[in-house]
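Me: I am new to this structure and would ask for a close look at how its strands pair. Please then go on, in one connected account, to its aromatic rings and its nonpolar surface.

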Amino acid sequence: MEDDDQTVLENNKNSNTVAAIVRTTIIITLVFWIASLWGINIPFASQLPNTMFDVMVTLSLGYLAWNFLSKLINKKLAEDMPDKDKNEGKDNELGGGVVAGRSTTVLPMVKKFIGTVLIVVVVLTILSSIGVEIAPLLAGAGVIGLAIGFGAQKLVTDILSGFFFLLDDAFRVGEYIEAGGITGSVEAITLRNVKLRHHRGMLQLVPFGELGSVTNYMRGGMVIKFNIQLPYDTDIDKVRKVIKKVGKAMLKDEEFKDDFIKPLKSQGVREVGDSVMTFRVKFTAHPGKQFVIKREAFRRITEALAAKGIHYAHRKVIVDMPDELKSLMGGKENGNKDIDTSYTETALKIGAAAAVDGIIRREETKKAEE
């Protein structure tokens with residue numbers, strides 16, 4: 001409804017503009033006609049009726065052509081425009097909204113280009129009708145264009161790069177991309193720049209010439225893999241069945257079923273570490289929905305494992321004590337106070353060594369995961 005109202009307002013504005021031009025033309029014609037009745041000689045007055053007729057025909061044809069093409073483009077845009085009511089609340093966590101069709105991305109620029117060309121053609125035709133030589137104007141425009149081409153090579157590069165990006169359908173309005181070291185959702189596309197809205201809210205203007213290679217996160221599915229770490233004595237088949245059951249339950253959930261491309265499933269044991277057994281879980285989701293699904297999968301898997309008596313593993317450091325320390329410990333338990341100092345020093349050394357070993361192993365595991 002809002003788009004229809006906007007179209008009506010635009011058409012009314014165009015009609016008022018044309019009416020104003022027609023009134024101005026009629027008034028100028030009457031002024032020249034009254035002046036001729038009073039015997040006032042005005043240059044070009046004899047050619048005025050023919051000139052005004054040519055101008056009126058040119059303006060009318062230009063308006064009709066623009067009105068026809070504008071309505072055609074607006075109709076196509078309305079057909080491809082996503083339904084706001086239907087897609088309300090479907091913004092993804094990457095910061096992008098509903099992805100628009102290719103027509104919605106390209107046609108606004110085509111409309112601006114056609115409007116500019118029509119204005120130039122109409123103005124040149126009117127100037128020719130009133131007796132102005134347009135050949136020097138065209139030659140001068142060619143020279144100016146050549147000078148601009150040499151002086152503004154960066155601008156030309158940006159425009160041509162943008163043309164080929166749109167021709168290749170590299171991205172559309174609403175898609176989340178990474179290009180030129182910058183990430184964001186495509187908010188708008190101009191002749192020279194693409195406007196990217198970062199997921200933290202910043203608006204970034206990137207010239208097409210600086211985009212380079214483009215990574216589009218909205219084409220195809222997002223394959224997500226994550227690990228869960230369980231104790232050594234965990235029943236592997238039981239874990240696999242629990243994860244499979246959770247995946248089936250999420251596919252039946254109205255909130256998540258449409259966001260899956262491939263269901264949640266277990267990929268078995270990924271590795272056996274020093275104190276844990278690592279299981280790999282995998283699913284494929286529509287772009288932007290993977291974060292919500294991953295959080296919910298973690299929650300449901302944790303609850304389902306806990307219901308089966310399976311809990312996440314805690315890292316352990318096993319210390320093999322020498323016999324003399326064991327004897328010290330035995331003496332301390334028997335109440336021998338003379339060995340307290342020796343016992344404490346040895347225990348502190350072993351505890352420090354175990355702590356350092358634990359830190360080193362955590363760092364190694366972190367680097368391996370990265």
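Reply: Two strands are said to pair if DSSP finds at least two bridges between them. The model examined here is a predicted one. Strand β1, residues 176–179, and β5 meet this condition with three bridges, and their pairing runs in the antiparallel sense. Within this part of the structure, Ala179 is found opposite Val214 of β5.

Five strands make up an open sheet with antiparallel pairing, and their order is β4-β3-β2-β1-β5. At its edges are β4 (203–207) and β5 (214–216), each of which pairs on one side only. From one strand to the next, the twist averages 45°.

The aromatic rings come next. Such a pair is described by the distance of the ring centres and the angle of the planes. Seven aromatic pairs are found when the whole structure is searched. In one of them, the ring centres of Phe226 and Phe298 are 4.5 Å apart; their planes stand at 45°, and the pair is therefore tilted. Phe226 counts as buried because its relative accessibility is 4%, where the limit is under 20%. Phe298, by contrast, has a relative accessibility of 29% and therefore counts as partly exposed.

Another aromatic pair consists of Phe260 and Phe283, which are 6.1 Å apart from centre to centre. With 70° between the planes, this pair is edge-to-face. Because Phe260 is in strand β7 (residues 260–272) and Phe283 is in strand β8 (residues 277–285), the pair ties together parts that are 23 residues apart in sequence. Both Phe260 and Phe283 are buried. The four residues Phe226, Phe260, Phe283 and Phe298 form one aromatic cluster.

Val156, Leu160, Phe163, Phe164 and Leu167 make a nonpolar surface patch of about 470 Å². One of these residues, Leu167, lies in helix α5, which covers residues 153–167. Leu167 has a relative accessible area of 49% and so is partly exposed, as exposed would require over 50%.

Note on methods. Residues numbered from 1 in each chain as written. Predicted model: local features only at pLDDT ≥ 70, side-chain atom pairs only at ≥ 80, totals over all residues. Heavy atoms only, no water. Phe/Tyr/Trp six-rings, centres within 6.5 Å; stacked < 30°, edge-to-face > 60°. Buried < 20%, exposed > 50% of the residue type's maximum accessible area, 1.4 Å probe, protein only. Helix = DSSP H or I, 4+ residues; strand = E, 2+ residues; numbered from the N terminus. Axes fitted to C-alpha atoms, helices over the stretch in contact; angles between N-to-C directions. Patch = residues over 30% accessible without salt bridge, like charges linked within 9 Å, V, L, I, M, F, W, Y side chains within 5 Å. Areas by Shrake-Rupley, 256 points an atom, 1.4 Å probe, with all protein chains shown as cover. Salt bridge = Lys/Arg side-chain N within 4 Å of Asp/Glu carboxyl O.
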